Amino acid sequence: MAAPWVLFYAVCVLRVVLATVYFQEEFLDGERWRNRWVQSTNDSQFGHFRLSSGKFYGHKEKDKGLQTTQNGRFYAISARFKPFSNKGKTLVIQYTVKHEQKMDCGGGYIKIFPSDVDQKNLSGKSQYYVMFGPDICGFDIKKVHVILHFKNQYHSNKKPIRCKVDGFTHLYTLILRPDLTYEVKIDGQVIESGSIEYDWNLTSLKKMEKSSAESKDWEQEEEDKLQCICAETSHRSACLKVRSGTIFDNFLITDDEEYAENFGKATWGETKDPEREMDAIQAKEEVKKAREEDEEDLLMGRFDGRENNFRRFHKRDEL
């Protein structure tokens, strides 16, 4: 009789084999990422990316990702993968994003494009099938965009989905299922779910399809609808309004929810706590340095009533 752990191992291996991974990117091979990613030249004012793990991180190499380098710029960069159709299958889109400078106004979302998109001329006007991720601007806009393309129109989720607004790395996951249900997760926790038809106001479109093709049954209608939302995808890019210091990493597109969950745990899950620990150490060092500078100013008679350095750094986590 085989040992239990042998059986468990066999089941795990089978699970991995059953998962279809359409795209996966962790930037673990240094500057070779430039051979896979194409920077758009549509606008000379587009900002440029570099590979970096940022000022604080959980693991210097594992946390390296595409980092924006200039403030107040749009960014457009894409990577190609083999075309696929999600007809009758679950579609999971997942990645991590870190707004190291605590974003005040800008986006951190990604898009899924048609297979014939021109990567060199990628812009905000390029047609896409799915747009997903956080968007922050002032105190009013702190939301997760989930926009789907259907019947030549873009449809936004009508539910307000709040994003994370701190300076740490967060894991964003979108799940679209063939039964027309969905989930949006942040850091592995479901923050919104429901019906694709209802939450994107697609019910009327489905009725229109039924009236023009009465011979189709319910299941076929479901499959056609989801295929139209995200079919034949072969490009993905980070295309956004944003500050320097934002880092995109751990991209995954798959048909397997469990694989995505495990991938998130093996990447973001392994480095999230060490990242916060490193930030806390740096914060203490900055506070100590600021206090010493204030004391020196007082001793030298240079303190003139300005907000002192200690208070300035003490409020670093306020938004």
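I began with leucine 180, which counts as buried because its relative accessible area is 2%; buried means under 20% relative accessible area, exposed over 50%, and partly exposed in between, with a 1.4 Å probe and protein chains only. I keep in mind that this is a predicted model, in which local features need pLDDT of at least 70 and side-chain atom pairs count only at pLDDT 80 or more, while totals for chains, interfaces and linings use all residues. Residues are numbered from 1 along each chain as its sequence is written, and side-chain values use heavy atoms, with hydrogens and water left out.

Leucine 180 lies in the loop between strand E12 (169-176) and strand E13 (181-186); helices (H or I, at least four residues) and strands (E, at least two) are DSSP runs, numbered from the N terminus. I noted that leucine 180 has a positive phi of about 65°, although it is not a glycine.

I then looked up phenylalanine 27, in the loop between E1 and E2, and found a positive phi of about 60° there, again in a residue that is not a glycine. Phenylalanine 27 is counted as buried because its relative accessibility is 1%.

Next I turned to glycine 88, in the loop between E5 and strand E6 (91-99), which is partly exposed because its relative accessible area is 39%. Glycine 88 and proline 178 are 90 residues apart in sequence, yet I found their C-alpha atoms 5.2 Å apart in space.

How many aromatic pairs does a search of the whole structure find? I wrote down 17, where rings of Phe, Tyr and Trp (its six-membered ring) pair if their centres lie within 6.5 Å, and planes under 30 degrees apart count as stacked, over 60 as edge-to-face and the rest as tilted. One of them joins phenylalanine 23 and tryptophan 37 edge-to-face, at 6.3 Å centre to centre and with 75° between the planes. Phenylalanine 23 is in strand E1 (residues 21-25) and tryptophan 37 in strand E2 (residues 37-39), 14 residues apart, and both are buried.
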